[in-house]
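My entries follow in the order in which I checked things.

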Amino acid sequence: MFRHHLVSPAVSVAFLAALASCSGPGGVGPPPPEATIGVTADVSGTSIATLVVRVTATDIPSALVFNIPIVNGVATGTITVPAGSSRTITIRGFDAGGVETHEGSVTLSVQAGTNPAVSLVLTPLTGDVPITASLGQFIVTVAPASASLSVAGTRQLAAAIKDTKGNPVSGVVAWATLDPGVATVDTTGLVTATGAGSTTISAVFHGVTGIATITVGP
């Protein structure tokens with residue numbers, strides 16, 4: 001013999017409210033944790049005026065799109081990506097007329113917390129030079145971002161390290177020059193011009209690169 005148990009309306013409403021609070025918006029569970037990733041790219045010497053980052057994945061309903069600001073030929077900014085596997089990050093460069101000049105992509109897993117730094121090469125589509133973008137948990141900026149010297153002249157560069165929330169981070173960067181025939185750099189960031197031309201000076205911290213462009217006159 002079956003007995004019917006009556007549940008009061010108040011109890012039913014309380015139960016449904018608790019269920020809704022556990023399942024999150026739309027009843028599909030709480031949103032996944034997110035990771036903030038720093039993006040840095042040296043676009044000097046190219047026609048890039050706008051850098052666009054697009055993030056896609058099977059569990060991201062709509063693509064995430066970010067614009068990375070460019071100052072003195074260096075693009076620096078952050079993107080926020082839901083944690084999970086198979087996140088495809090595509091970076092495209094556009095000139096002032098809106099024509100796409102560079103493109104590159106990488107697929108990786110993103111976790112909420114520290115993610116390893118990744119370098120991404122953007123292939124030129126219009127005859128420009130290729131550029132490399134750094135994705136990581138830190139942002140390294142070099143000041144000044146550009147400088148002009150005469151042969152045998154010197155210039156002291158300084159590197160600032162911040163996390164993706166903008167908080168200063170203490171650490172030592174590794175300095176390097178792309179072309180020692182134009183300029184060399186020591187372990188403190190002191191640049192010495194050695195020959196006419198243009199080169200890039202890099203400051204690297206945990207796989208993330210900050211850039212300065214050095215032009216040397218005759």
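I count a residue as buried when its relative accessible area is under 20%, as exposed when it is over 50%, and as partly exposed in between, with a 1.4 Å probe and protein chains only. This is a predicted model, in which local features need pLDDT of at least 70 and side-chain atom pairs count only at pLDDT 80 or more, while totals for chains, interfaces and linings use all residues. Residues are numbered from 1 along each chain as its sequence is written, and side-chain values use heavy atoms, with hydrogens and water left out.

Entry on rings. I searched the whole structure and found 1 aromatic pair. Its rings, those of Phe 138 and Phe 205, have centres 5.1 Å apart and planes at 80 degrees, so I noted the pair as edge-to-face (centres within 6.5 Å make a pair of Phe, Tyr or Trp rings, the six-membered ring for Trp; planes under 30 degrees apart are stacked, over 60 edge-to-face, the rest tilted). Phe 138 lies in strand S10 and Phe 205 in strand S17, 67 residues apart (strands are DSSP runs of E with at least two residues, numbered from the N terminus). Phe 138 counts as buried because its relative accessibility is 19%, and Phe 205 counts as buried at 8%.

Entry on cores. I looked up the largest nonpolar core and found 26 residues (a core is a set of buried Ala, Val, Leu, Ile, Met, Phe, Trp, Tyr and Cys residues joined through side-chain atoms within 4.5 Å). Strand S1 gives the most to this core, with 4 residues. A second, separate core has 21 residues, and Phe 205 is among them.
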